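Colleague: Please take a close look at one part of this model, the shell around the ligand. What surrounds the ligand, and how does that part sit within the rest of the chain?

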Amino acid sequence: MTNTATSPVVHARAPGKINVFLKVGAVMDDGYHDLATAFQAVSLYEDVRARAADDFSVEFTGSIDTSGLAVDESNLAIKAARALARATGYTGGVHLRIDKNVPIAGGMGGGSADAAATLLACDALWGTELSREELLKIAATLGADVPFAFTGGTAIGTGRGDQLSPALAKGTFHWVLALAEFGMSTPSVYSELDRHRTRHAQDIFPVQQQPTVDADVLQALRAGDPAMLAESMHNDLQAPALQLAPGLGRVLELGEANGALAGILSGSGPTVAFLVPDLDAGLELQVALSAARLHVVRATGPVHGARILTS
Ligand code: C5P
């Protein structure tokens, strides 16, 4: 039996993300869509504390309501720990305590951040010491966004979104995030996009073979220029998400009428991310959106990927 009172704890942290650009291409043989996306890691974090145990378990704490989250084998953090144990032949288990700050089912990659931080924490706790490349390979088996939660910063994702190349970025971008009271399932938003494309014979949403990230986006990130980024942000999942949740249209309008340079659906939503010129504009927009009874948080990016903390 593991003595939980005295066993060491490893603390790892991984960030949420915003896709500042997301073009969805054709469905591939594995059922996933071919993507071109620009990820930015932002300062909302998942903190994972891992303690040696005989079996695999997870509990949640944190600033947001986690009561609806699965804590059984379907949880992505448990899947991550089990995948690492399988890959390394480790025969023990782990107890994970996750302090959650990324909105749940919000399109900001919170579950992916849990998985990335868990891989890093367990690797350190168990002394399995895989290379970064080996950990990234396991990350890609867990979900399309897990490798980015691992690497963080600013990156271009292709394929399922898991083939990453770093992008040059300067400065800090300021975001105001309007959180929804409901979650949205990623597969249902992709299905809605597919339905649109079929229904409209691809006139309205032409499917781009081998989508690419627009050069303007890369230039805006490289220059650290929020106005230029606001002009070039794009998300192919926004129209289908608005179809499923029309109220998000009003949220986008409200933000853009109150000082946002632009608003964009984060990933598959329903979180709406507003880009603002600076901290002061962010505070003003937060006040305006809060007055409309929206739940709002601020964040900056880019930030680091998954790392071990010494607390
Ligand atoms: O990999 P992950 O579990 O995050 O993906 C969730 C779902 O999102 C997939 O099951 C799929 O329906 C959809 N998806 C997709 N194409 C991608 C990424 C995700 O169709 N490139």
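Modeller: Helix 5 is the element that gives the most to the shell around the ligand, with three residues. The model is a predicted one, and everything below is computed from it or taken from a record. The residues that surround the ligand are Tyr32, His33, Leu35, Gly143, Ala144, Asp145, Arg160, Gly161, Thr186, Pro187 and Tyr190. Two elements give two or more residues to this shell, namely strand 2 (33-53) and helix 5 (186-199). Sorted by class, the shell has five nonpolar, four polar and two charged residues.

The shell also bears on how the chain is divided. The protein is split into domain 1 (9-167) and domain 2 (173-301). From each of domain 1 (9-167) and domain 2 (173-301), the shell around the ligand draws at least three residues. The C-alpha centres of the two domains, domain 1 and domain 2, lie 22 Å apart. To the contact between them, domain 1 gives 29 residues and domain 2 gives 36 residues. On the side of domain 1 that touches domain 2, the elements with two or more residues are strand 1 (9-27), strand 2 and strand 5 (154-159). Strand 2 gives the most to that side of domain 1, with ten residues. By class, the side of domain 1 that touches domain 2 divides into 18 nonpolar, nine polar and two charged residues.

Now the fold around this part. The protein has ten helices and twelve strands. Its radius of gyration is 19 Å, close to the 19 Å that the globule rule gives for 311 residues, so the protein is as compact as a globular protein of that length. Along the principal axes, the C-alpha atoms fill a box of roughly 60 × 45 × 35 Å. Of the 311 residues in the protein, 49% are buried. Among the contacts with a separation of 6 or more, 75% are between residues 24 or more positions apart.

Two annotated spans come from the record. UniProt, in an unreviewed entry, places "domain: GHMP kinase N-terminal" at residues 75-153. Over residues 75-153 the chain is 59% helix and 10% strand, and the end C-alpha atoms of the span are 25 Å apart. The UniProt feature "domain: GHMP kinase C-terminal", also from an unreviewed entry, is placed at residues 218-291. Residues 218-291 are 58% helix and 15% strand, with end C-alpha atoms 35 Å apart.

Leucine 279 belongs to helix 10 (residues 279-291). Leucine 279 has 12 other C-beta atoms within 10 Å and is therefore exposed. Its C-alpha atom is separated by 9.2 Å from that of phenylalanine 173, although leucine 279 and phenylalanine 173 are 106 residues apart along the chain.

Some backbone details remain, beginning with the cis peptide bonds. Proline 270 is placed in the loop between strand 9 (262-265) and strand 10 (272-276). A cis peptide bond also joins glycine 301 and proline 302, where omega is about 0°. Proline 302 is in the loop between strand 11 (295-301) and strand 12 (307-309).

Positive phi values are next. Glutamate 129 is not a glycine, yet its phi is positive, at about 45°. Glutamate 129 sits in the loop between helix 2 (110-126) and helix 3 (132-142). With 9 other C-beta atoms within 10 Å, glutamate 129 is exposed. Arginine 293 likewise has a positive phi in a residue other than glycine, near 65°. Arginine 293 lies in the loop between helix 10 and strand 11. Arginine 293 is exposed, since 7 other C-beta atoms lie within 10 Å.

Key. Residues are numbered from 1 along each chain as its sequence is written. This is a predicted model: local features need pLDDT of at least 70, side-chain atom pairs count only at pLDDT 80 or more; totals for chains, interfaces and linings use all residues. Helices (H or I, at least four residues) and strands (E, at least two) are DSSP runs, numbered from the N terminus. The radius of gyration is taken over C-alpha atoms; the globule rule is 2.2 Å times the number of residues to the power 0.38. A residue is buried if 20 or more other C-beta atoms lie within 10 Å of its own, exposed if 12 or fewer, and partly exposed in between; C-beta atoms are placed from the backbone. Two residues are in contact if their C-beta atoms, placed from the backbone, lie within 7 Å. A residue is near a molecule or strand if its C-beta atom, placed from the backbone, lies within 6 Å of it. Ala, Val, Leu, Ile, Met, Phe, Trp, Tyr, Cys and Pro count as nonpolar, Asp, Glu, Lys and Arg as charged, and the others, Gly among them, as polar. Domain bounds come from an automatic or database domain assignment. UniProt positions are given in the numbering used here, feature names are shortened, and annotations may be inferred rather than shown by experiment.
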